Amino acid sequence: MKDFMIELFADYRAQIVFLHVIAAVVWVGGMIAMKFAAHPSFMQIESPLHRLERISQALKRLFYIVSPFVLILIITAVIMAVGLGFRTAAVDASGNVIDAYAMHIYNLVHVKEVIWMIMSANLGMMILRRNKAQKLLQKGDTTGAKKALELIGKYMVPVNIILGVIAIYLGVTLRNAY
Ligand code: HEM
């Protein structure tokens, strides 16, 4: 599997990096557009039921669009991480550090992996929360739905935007590491 990934990355380097970058653009850019363009516009709708319905529907579409890109991001990430040989440069077969700088870079790869995990878990929780809000809206419980959706807009999306921007910065750092 490792050899396959190394070969795949060697043969399709530009395409794999492209898929990784475009996935980040769609995921992080999608959240920024929702938070700073769509959301303020929805807030102009006076009827709470109508407003919450629009927000819930827009979130559903956003989550549909980003979900495949979340998978593309991790698949390309693993291929790049193996293909670029971060581990091989940092540690020997028994796991002893052979190069301090390479180890530092390898640790950045781990930080990105953790960021991806937190962002994905956060996205999963947002999807569940939105589904719950949608059910409450169907029952006419606008107060309950507002509570559920508010947390997504106020904290969960901003947390993922910040983590996404950090991941992009670390990506640029990794790209220019050698
Ligand atoms: C599983 C976790 C991840 C790993 C192991 C990983 C790994 C990498 C690596 C090795 C590079 C450098 C590619 C090269 O040198 O050609 C890179 C670049 C990049 N990564 Fe990630 N990544 C991960 C997650 C993410 C996430 C969550 C985002 C943003 C949402 C992201 C955004 C980027 C971007 C934009 C670049 C391109 C930087 C540039 O071209 O200068 N990555 N990533």
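Trp27 is in contact with Val66, Phe69, Val70, Leu73 and Gly164, leaving aside neighbours within four places in sequence (contact: C-beta atoms, placed from the backbone, within 7 Å). The model is predicted; local features need pLDDT of at least 70, side-chain atom pairs count only at pLDDT 80 or more, and totals for chains, interfaces and linings use all residues. Numbering runs from 1 along each chain as its sequence is written.

Trp27 also belongs to the largest nonpolar core, which has 30 residues. Such a core is a set of buried Ala, Val, Leu, Ile, Met, Phe, Trp, Tyr and Cys residues joined through C-beta atoms within 7 Å. Trp27, Met31, Ala133, Ala145 and Leu149 have the most contacts inside this core. Helix 2 (13–42), helix 3 (48–83), helix 5 (100–138) and helix 6 (142–175) each supply at least two of the core residues. Helix 3 gives the most, with 10 residues. Helices are DSSP runs (H or I, at least four residues), numbered from the N terminus.

The ligand is surrounded by 25 residues (C-beta atom, placed from the backbone, within 6 Å of the ligand). The closest are Ala24, Ala77, Lys112, Ala167 and Gly171. Helices 2, 3, 5 and 6 each supply at least two residues of this shell. Helix 6 gives the most, with 7 residues. The shell divides into 19 nonpolar, 3 polar and 3 charged residues. Ala, Val, Leu, Ile, Met, Phe, Trp, Tyr, Cys and Pro count as nonpolar, Asp, Glu, Lys and Arg as charged, and the others, Gly among them, as polar.

His110 lies in helix 5. His110 is exposed, because 11 other C-beta atoms lie within 10 Å (buried: 20 or more; exposed: 12 or fewer; partly exposed: in between; C-beta atoms placed from the backbone). The C-alpha atoms of His110 and Glu46 are separated by 46 Å.

Notes
Contact = placed C-beta atoms within 7 Å.
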